[in-house]
Amino acid sequence: MDITLIILGAIVLLALVLVKKSLVIIPQSETRIIERLGKYHDTLKPGINVIIPFIDAAKVMISMTNGRYHYTTSIDLREQVYDFDKQNVITKDNVQTQINALLYFQIVDPFKAVYEINNLPNAIEKLTQTTLRNIIGELELDETLTSRDTINTKLRAVLDDATNKWGIKVNRVELQDITPPNSVLQAMEKQMQAERNKRATILTSEGQKAAAILQSEGEKTARINKAEADKQTEILRAEGDAQARIRRAEAEAIAIDKITEAVGRSSNPANYLLAQKYIDTLQEIARGNDTKTVYLPYEATNLMGSIGGIKDLFKTE
């Protein structure tokens, strides 16, 4: 009885083991390559899959996690990223530079990823390094530092084409760090400082030039405005003088008319006006002379005649 129970328990245990070995649960976004007696048999899909224990076996492949290689039977179909260590590359102008790259790829054909390449992560890393050296070798240092997008595009195109037969799709490549030697960095800093000083000098000179132009234009405008003001002043002064002369002439004309009316019957009005001028002039000379000198006009006879005319005028009145 005890032997029967033991045999029955062994059979149940073996059945459980066989069931466990026969049922393979594949998580979503993963797969496994199944070989039957060493030959490819099937690619398992996510969910429950049935295999023949001890006859069917999952193919082991090399994978990389956190920068370390390890063996696994599960194939991750999600996009993966490889962060490669810095490597030394030489530019076209013979400058040794360290570059660190990130590679984003995805396994699209598990069969090729397992059977077309022995060590997939190592192959991708070496291919990335050699391709990157070739691309950087065609560029000078300045182009390398300013053409990251161009380098990424070229690198992704070459890797995608080369890894197609491995069942790999390279989605994108990113250059993380580009580190030139310290001597080159110091030279670049000096060049950058010199360029900034140059731009500052140019901006300062352009500012001074603009200020000088504005100042000269302001002075020109001021001179033009002053000349225009002087011109208007002279015009107004001339017009004033002209108006004053016209007024005086009109006043003198009226005075002459009045005198003519008064003296026209018995004497010449011109003699009257001339005598008046002589008398006014002598009064001015007398007021400004401190000595006993007496001034007489050169034509004293005419003066006497004019005075006589004035005398005749009063007699007539």
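Predicted model: local features only at pLDDT ≥ 70, side-chain atom pairs only at ≥ 80, totals over all residues.

Me: With which residue does Arg 36 form a salt bridge?

Reply: The general idea comes first. Side chains of opposite charge can pair when their charged atoms come close. In this structure, Arg 36 pairs with Asp 56, and their closest N and O atoms are 2.6 Å apart.

Me: Is Asp 56 buried or exposed?

Reply: Asp 56 has a relative accessible area of 7%, so it is buried. The word applies because the cut-off for buried is under 20%.

Me: How many salt bridges does the whole structure hold?

Reply: A search finds 8 salt bridges. Among them is the one between Lys 169 and Asp 160, with 3.2 Å from N to O. Lys 169 is partly exposed at 34% relative accessibility, whereas Asp 160, at 18%, counts as buried. Another of the salt bridges joins Arg 78 to Asp 76, with the closest N and O atoms 2.9 Å apart. Asp 76 is partly exposed, at 21% relative accessibility.

Me: How many aromatic pairs are there, and how is such a pair described?

Reply: The count comes to 4 aromatic pairs. One of them, Tyr 82 with Phe 105, is edge-to-face, with 4.7 Å from centre to centre and 70° between the planes. The name edge-to-face is used because planes over 60 degrees apart are classed in that way. This pair links distant parts of the chain: Tyr 82 is in strand β9 and Phe 105 in strand β11, 23 residues apart. Tyr 82 is buried at 4% relative accessible area, and Phe 105 is buried at 1%.

Me: Why is the pair of Phe 111 and Tyr 115 called tilted?

Reply: Their ring centres are 4.8 Å apart and their planes stand at 45°, so the pair is tilted. Both residues lie in helix α2, 4 residues apart, which is about one turn of the helix. Phe 111 is partly exposed at 33% relative accessibility, and Tyr 115 is partly exposed at 30%. Ring pairs also bring in Tyr 40, giving a cluster of Tyr 40, Phe 111 and Tyr 115.

Me: Which charged residue sits over the ring of Tyr 104?

Reply: The charged end of Arg 172 does so, 4.2 Å from the centre of the ring.

Me: Which residues touch the most other members of the largest nonpolar core?

Reply: Again, the general idea comes first. In soluble globular proteins, nonpolar side chains tend to be buried together. Here the largest nonpolar core has 32 residues, and Leu 103, Phe 105, Leu 120, Ile 124 and Trp 166 touch the most other members. Elements that give two or more residues to this core include β6, β11 and β12, together with α2, α3 and α5. The largest share, 7 residues, comes from α3.

Me: Which residues make the nonpolar surface patch?

Reply: Val 19, Leu 23, Ile 25, Ile 48 and Val 50 make this patch, which covers about 530 Å². Strands β1 and β4 each supply at least two of the patch residues. Val 50, in strand β4, is exposed at 65% relative accessibility.

Definitions and conventions: Residues numbered from 1 in each chain as written. Heavy atoms only, no water. Phe/Tyr/Trp six-rings, centres within 6.5 Å; stacked < 30°, edge-to-face > 60°. Buried < 20%, exposed > 50% of the residue type's maximum accessible area, 1.4 Å probe, protein only. Lys NZ or Arg CZ within 6 Å of the ring centre and 35° of its normal. Patch = residues over 30% accessible without salt bridge, like charges linked within 9 Å, V, L, I, M, F, W, Y side chains within 5 Å. Areas by Shrake-Rupley, 256 points an atom, 1.4 Å probe, with all protein chains shown as cover. Salt bridge = Lys/Arg side-chain N within 4 Å of Asp/Glu carboxyl O. Core = buried A, V, L, I, M, F, W, Y, C linked by side-chain atoms within 4.5 Å.
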